Amino acid sequence: LASFITTPYFVMNAIYDAYQTANILKTTCIPVPGGSPCTSAQNASLAGFRAQFLQNISSVTNGKPGNGVYLDGCFVHEQNVNYCSTQSMPNCVGWSPLESGSKKWGYATSVGLSDGRNYTPQEAFGAYYRGE
């Protein structure tokens, strides 16, 4: 579908989320501190899912400099709000590391770029919107 959209757009999405892991991969493990430990087979399944996801999402930006993507490894996909999950699982959402959604799980809420910069979801979208 992404290859047919001509209007510039920005995708903000979790690479894994609780729905995907439970319903697509049929696993309930969460490979983060405090989560349910994963077996080597589950880790391999998660790695394969990630590789396929990244291959699929590349159609958003390949040859489309006006589009943007912010991907993270959160298990709850509300990256753009200060939200504390009631799903009893780690999430890394919040406007900054000082927000309740960030503090609850101890996440920094940013993704590192290849040039050394770190962006929160909001900063990433702001930079995209401003053409930076």
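Q: What makes the atom pair between the side chain of Thr 27 and the backbone nitrogen of Cys 29 a polar contact?
A: The distance is 3.4 Å, from a polar atom of the Thr 27 side chain to the Cys 29 nitrogen. A polar contact is a pair of N or O atoms within 3.5 Å, one able to donate a hydrogen and the other to accept it; residues adjacent in sequence count only if both atoms are side-chain atoms. So 3.4 Å falls inside the limit.

The model is predicted: local features need pLDDT of at least 70, side-chain atom pairs need 80 or more, and totals for chains, interfaces and linings use all residues. Numbering starts from 1 along each chain as its sequence is written, and side-chain values use heavy atoms, without hydrogens or water.

Q: Why is Thr 27 called buried?
A: Its relative accessible area is 5%. Buried means under 20%, exposed over 50%, and partly exposed in between (1.4 Å probe, protein chains only). Therefore Thr 27 counts as buried.

Q: Where is Thr 27, and which residues does Thr 27 contact beyond its neighbours within four places in sequence?
A: Thr 27 sits in the loop between α1 (18-23) and α2 (40-61). Helices are DSSP runs of H or I with at least four residues, strands runs of E with at least two, numbered from the N terminus. Its contacts (heavy atoms within 4.5 Å) are Thr 21, Ala 22 and Gln 42.

Q: How many aromatic pairs does the whole structure hold?
A: Four. Rings of Phe, Tyr and Trp (its six-membered ring) pair if their centres lie within 6.5 Å; planes under 30 degrees apart are stacked, over 60 edge-to-face, the rest tilted.

Q: What makes the pair of Phe 10 and Phe 125 edge-to-face, stacked or tilted?
A: The centres are 5.3 Å apart and the planes stand at 80°, so the pair is edge-to-face. The pair links distant parts of the chain: Phe 10 is in strand β1 (residues 10-14) and Phe 125 in helix α4, 115 residues apart.

Q: Are Phe 10 and Phe 125 buried or partly exposed?
A: Phe 10 has 18% relative accessible area, so Phe 10 is buried. Phe 125 has 36%, so Phe 125 is partly exposed.

Q: What is the pair of Phe 125 and Tyr 128 called, and why?
A: Tilted. The centres are 5.8 Å apart, with 45° between the planes. Both residues lie in helix α4, three residues apart, about one turn of the helix.

Q: Why does Tyr 128 count as partly exposed?
A: Its relative accessibility is 21%, so Tyr 128 is partly exposed.
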